[in-house]
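Thanks for making the time, everyone.

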Amino acid sequence: GATVCADANDDGKCEAGEASTTTDSSGHFALDFTSAAPVIADIGTTAVNTANGATNPSRTVYRTAGAQLTEQGANVVIGPASTEVVRLMEANGTDYATEKANLATRIGVAPANVLADASGIVGPDKAALLREEVVLAGRFSYAITKLDRGDLYPDALAVPGGDPELTGLP
């Protein structure tokens with residue numbers, strides 16, 4: 001029940017006019033588009049977790065780079081790790097291959113496994129990848145929750161409205 005789209009304008013959201021579809025009961029999708037646009041999976045609270053049948057507790061959005069689509073083709077895996085690669089590319093001004101390798105090194109897995117479907121991986125790489133994906137999933141869910149509620153600053157912990165300036169402190 002997740003919305004998947006080709007993000008033609010690369011703004012991180014599925015919008016009218018962009019090719020889109022909905023995942024099936026197994027989380028699979030088919031999306032026809034001809035551009036090299038990245039793909040986004042917008043997983044709302046009505047989407048069902050294929051592992052346990054529960055609805056998604058909070059909205060989250062995962063992204064993939066166009067280069068990952070070229071590399072993985074019809075079997076692309078969109079999730080926390082692919083989103084982290086895109087985030088690193090944007091933050092560091094680097095390319096897909098560099099950040100994929102950096103993520104693999106950071107979590108201690110083979111580059112071939114870092115963006116693979118974890119269900120097909122065995123051994124220590126699987127445990128390392130799943131551990132990192134749980135951490136990243138929580139981080140991205142938190143970020144999209146803050147975005148959806150309109151927080152003004154990244155860490156709106158100080159006062160309502162998100163202003164991080166605490167009054168009365170030196």
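Let me begin with the term itself: a disulfide here is a pair of cysteine sulfur atoms within 2.5 Å. Please bear in mind that this is a predicted model, in which local features need pLDDT of at least 70 and side-chain atom pairs count only at pLDDT 80 or more, while totals for chains, interfaces and linings use all residues. Residues are numbered from 1 along each chain as its sequence is written, and side-chain values use heavy atoms, with hydrogens and water left out.

Searching the whole structure gives one disulfide, and it is formed by Cys5 and Cys14, whose sulfur atoms lie 2.3 Å apart. The link of Cys5 and Cys14 is left-handed, with -90° about the S-S bond. Is Cys5 buried or exposed? Taking buried as under 20% relative accessible area, exposed as over 50% and partly exposed as in between, with a 1.4 Å probe and protein chains only, Cys5 is buried at 0%, whereas Cys14, at 26%, counts as partly exposed.

Now to the spaces. On a 1 Å grid over the protein atoms alone, a cavity is a set of points where a 1.4 Å probe fits but cannot get out, and a pocket is an open set with protein on both sides within 12 Å along at least five of seven lines; lining residues have an atom within 4 Å of a point. A volume is the space filled by probe spheres set on the points, which are joined across faces, edges and corners.

The largest pocket has a volume of about 1,300 Å³, and among its 38 lining residues Ile43, Thr50, Tyr62, Ile78 and Gly79 lie nearest its centre. Helices (H or I, at least four residues) and strands (E, at least two) are DSSP runs numbered from the N terminus, and on that basis β3 (39-43), β4 (60-64) and α4 (124-149) each give two or more residues to this lining, with α4 giving the most, four residues.

The second largest pocket holds about 440 Å³ and is lined by 16 residues, of which Gly12, Val61, Arg63, Ile144 and Leu147 lie nearest its centre. Here, too, α4 supplies the largest share of the lining, with five residues.

Finally, the structure holds one cavity of 30 Å³ or more, and its lining consists of Val77, Gly79, Ala81, Ser82, Val114, Leu115, Ala116 and Glu133.
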